[in-house]
Amino acid sequence: MLEGRSWRWGILMFAVALTAAACGSSSAETTTTISETSTTGDTRPPRTSTTTPGNATTTTVEPGTTTTVASTTGNTEPAPPVGTGTVGVVGCSNTDLAVAGYTDLSSLDRLTTGDLGGGSPPSWGDPSEDRYPEYWGIYEDRRPATGYVETWVQLCLRSSEHQGSFDETEQAWITHIVDQIHQRDPGIPIWISPVNSYEGIVCDAVGADGPAIAAEASDWAAAALPGVYRGPDLGPLTSAEVGVRDDCHPNQAGQRLLGGQLVDFFD
């Protein structure tokens with residue numbers, strides 16, 4: 001009986017060992033798959049970055065290494081809820097017209113209004129630009145004595161500025177804009193969005209791929225810069241919703257569309 005039990009026990013232990021080996025092999029394969037899926041594989045300079053789809057965070061330590069995923073947005077903190085109080089606005093003429101539509105619809109009027117014509121990222125983000133002092137002067141003039149509680153930045157990249165791709169020059173502009181906002185109101189949330197999208201038409205000023213490049217820039221900013229979170233995507237505008245001077249700027253119907261989207265986000 002003891003010999004029989006020993007024999008059966010030996011078979012059982014051998015089966016367990018095979019099972020453990022199989023599980024170990026499966027685990028190793030899974031780890032390899034995760035590693036291959038998570039590597040950046042690019043040659044850009046190392047940076048710590050996070051993305052925020054559904055408040056998930058992907059942190060890239062440096063190119064070619066794996067990423068870690070957590071349940072928070074960039075900067076190790078969850079994206080804050082949209083609050084109350086006055087919101088600063090950085091952007092261009094389309095931004096200004098969207099805010100005008102917001103003001104017509106909103107009962108809270110949180111977003112500051114005013115003429116931001118021509119306010120593309122280098123005008124806000126490059127101190128050597130001629131209109132740089134003008135735009136930050138506008139931002140300051142609207143700012144309440146207690147400061148802004150949040151700021152919304154819309155990236156209106158022109159085709160001559162993005163030249164078909166998002167690169168380190170645009171990164172530098174955006175980083176400077178964020179720094180300027182936080183110098184005035186340290187730690188406030190900054191919501192960053194691309195210029196509104198279009199459907200069936202092309203705004204020559206931003207180019208056919210301009211809104212998508214601005215969206216990539218917005219994703220990068222929300223991933224890489226402290227205190228920055230992804231803002232609302234506005235649009236698309238169709239031919240029936242543009243016509244103020246060109247096929248770029250929203251008419252009254254377009255302003256109402258964009259303004260309603262801002263109400264949904266900020267109110």
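**Exercise 1.** What percentage of the 267 residues in the protein chain is buried?

*Solution.* The model is predicted. Buried residues make up 46% of the chain. For the layout, count the elements: there are 8 helices and 6 strands. Along the sequence they follow the order α-β-β-β-α-α-α-β-α-α-β-α-β-α.

**Exercise 2.** Describe how helix α4 packs against helix α6.

*Solution.* Step 1: locate the helices. Helix α4 covers residues 132-142 and helix α6 covers residues 168-184. The angle between them is about 40° and their axes lie 12 Å apart; the crossing is right-handed. Step 3: list the contacts. From α4 come Tyr132, Trp136, Tyr139 and Glu140, which meet His176, Ile177, Gln180, Ile181 and Arg184 of α6. Step 4: sort these residues by type. The contact has 5 nonpolar, 2 polar and 2 charged residues.

**Exercise 3.** Which residues are linked with Arg143 in a network of salt bridges?

*Solution.* Side chains of opposite charge can pair when their charged atoms come close. Step 2: take the pairs in turn. Glu140 bridges to Arg184 at 2.7 Å, N to O. This pair joins helix α4 to helix α6 across 44 residues. Glu140 also meets Arg143, at 4.0 Å. Arg143 in turn forms a salt bridge with Asp185, with the closest N and O atoms 2.8 Å apart. Because Arg143 lies in the loop between α4 and β4 and Asp185 in the loop between α6 and β5, this pair ties together parts 42 residues apart in sequence. Glu140, Arg184 and Asp185 are linked with Arg143 in the network.

**Exercise 4.** Is Asp185 buried or exposed?

*Solution.* The cut-off for buried is under 20% relative accessible area. Asp185 has 7%, so Asp185 is buried.

Technical notes:
Residues numbered from 1 in each chain as written. Predicted model: local features only at pLDDT ≥ 70, side-chain atom pairs only at ≥ 80, totals over all residues. Heavy atoms only, no water. Axes fitted to C-alpha atoms, helices over the stretch in contact; angles between N-to-C directions. Helix = DSSP H or I, 4+ residues; strand = E, 2+ residues; numbered from the N terminus. Left-handed = near helix turned anticlockwise from the far one by under 90°. Contact = heavy atoms within 4.5 Å. Nonpolar A, V, L, I, M, F, W, Y, C, P; charged D, E, K, R; others polar. Buried < 20%, exposed > 50% of the residue type's maximum accessible area, 1.4 Å probe, protein only. Salt bridge = Lys/Arg side-chain N within 4 Å of Asp/Glu carboxyl O.
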